[in-house]
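Here are my notes on this model, written as numbered points. Please keep the structure open while you read.

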Amino acid sequence: MSATHDVSRALDCCEPDDATPVTLDATELDSTGAAYLRSLRGALKENNFVPSRLRLTAAFDEDCSLATQREIDRVREYVRVADFLGATTLSVSVDAVENPEKVRPALSACRERADREGITLEVTGPITL
């Protein structure tokens with residue numbers, strides 16, 4: 001059971017900022033390494049951009065537990081990237097799902113991990129959570 005916190009006072013103190021929210025596409029990132037992500041975060045800040053969403057395409061087109069795990073590990077890596085950059089949403093567009101019974105629990109576990117990191121995991125495509 002999660003604890004409920006009163007955040008109204010913090011929300012009441014919010015002020016608009018001139019930063020522009022942006023969506024980043026995972027295919028455009030050169031690396032998921034910390035040094036690259038630090039440089040990217042700095043460049044975003046210099047350009048007055050705030051990453052709000054990271055977009056990723058995934059495919060579960062093999063009926064193989066190892067292939068499913070590799071793709072889930074990749075999704076989990078981008079949860080980490082979103083957290084590092086300060087994006088609050090990871091949008092995963094799933095192209096193909098060969099075996100939903102293998103993929104759904106893995107994506108659900110990934111969503112739980114994202115929730116713990118404060119990231120909203122959105123999944124679109126031929127599978128729902």
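1. **Salt bridges.** The structure holds six salt bridges. The model is a predicted one.

2. **Arg 55 and Asp 25.** Start with a pair that joins two strands. The side chains of Arg 55 and Asp 25 form a salt bridge, with N and O 3.6 Å apart. Arg 55 belongs to strand β2, while Asp 25 sits in strand β1 (residues 20-25), so this pair ties together parts that are 30 residues apart in sequence. How accessible are the two partners? Arg 55 is partly exposed, at 41% relative accessibility. Asp 25 is also partly exposed, with a relative accessible area of 27%.

3. **Arg 53 and Glu 122.** Strand β2 supplies Arg 53 to another bridge, and the partner, Glu 122, comes from strand β4 (residues 120-124). Arg 53 and Glu 122 are 69 residues apart, so the pair links distant parts of the chain. Arg 53 counts as partly exposed at 28% relative accessibility. Glu 122 counts as partly exposed at 32%.

4. **Arg 74 and Glu 71.** Now look inside a helix. Arg 74 forms a salt bridge with Glu 71, and their closest N and O atoms are 3.0 Å apart. Why are these two separated by about one helical turn? Because they are three residues apart in helix α3. Arg 74 is partly exposed, with a relative accessible area of 29%. Glu 71, in contrast, counts as buried at 13% relative accessibility.

5. **The overall plan.** Step back to the whole chain. The protein has four helices and four strands. Read from the N terminus, the elements run α-β-α-β-α-β-α-β. The C-alpha trace spans about 50 × 40 × 25 Å along its principal axes. Of the 129 residues in the protein, 31% are buried.

6. **Cysteines.** How many disulfides are there? The count comes to zero. A disulfide is a covalent bond between the sulfur atoms of two cysteines. The cut-off used here is 2.5 Å between the sulfur atoms. Take Cys 14 as one case. The closest cysteine sulfur to that of Cys 14 is in Cys 13, at 7.5 Å, which is too far for a bond. Cys 14 counts as exposed, at 53% relative accessibility. Cys 64 is another case. The closest cysteine sulfur to that of Cys 64 belongs to Cys 110, and at 18 Å this is too far for a bond. Cys 64 is partly exposed, at 27% relative accessibility.

7. **A charged patch.** Which residues gather in a patch of negative charge on the surface? They are Asp 61, Glu 62, Asp 95 and Glu 98. Asp 61 is found in the loop between β2 (49-60) and α3 (65-85). Asp 61 is partly exposed, at 49% relative accessibility.

8. **Sequence distance and space.** Find Leu 40 in helix α2 (residues 34-46). Leu 40 counts as buried, at 16% relative accessibility. Leu 40 and Phe 60 are 20 residues apart along the chain, and their C-alpha atoms are separated by 29 Å. Then find Ala 109 in helix α4 (residues 100-117). Ala 109 counts as partly exposed, at 38% relative accessibility. Ala 109 and Ile 72 are 37 residues apart in sequence, with 9.4 Å in space from C-alpha to C-alpha.

9. **A backbone detail.** Where does Asn 48 lie? Asn 48 is in the loop between α2 and β2. Asn 48 has a positive phi of about 65°, although it is not a glycine. At 37% relative accessibility, Asn 48 counts as partly exposed.

Key. Residues are numbered from 1 along each chain as its sequence is written. This is a predicted model: local features need pLDDT of at least 70, side-chain atom pairs count only at pLDDT 80 or more; totals for chains, interfaces and linings use all residues. Side-chain values use heavy atoms; hydrogens and water are left out. Buried means under 20% relative accessible area, exposed over 50%, partly exposed in between (1.4 Å probe, protein chains only). Patches are made of residues with over 30% relative accessible area and no salt bridge: like charges are joined within 9 Å, nonpolar side chains (Val, Leu, Ile, Met, Phe, Trp, Tyr) within 5 Å. Accessible areas come from the Shrake-Rupley method with a 1.4 Å probe; for residues, only the protein chains shown count as cover. A salt bridge is a side-chain nitrogen of Lys or Arg within 4 Å of a carboxyl oxygen of Asp or Glu. Lys and Arg count as positive and Asp and Glu as negative; His and the chain ends are not counted. The place of a charge is taken as NZ of Lys, CZ of Arg, CG of Asp or CD of Glu.
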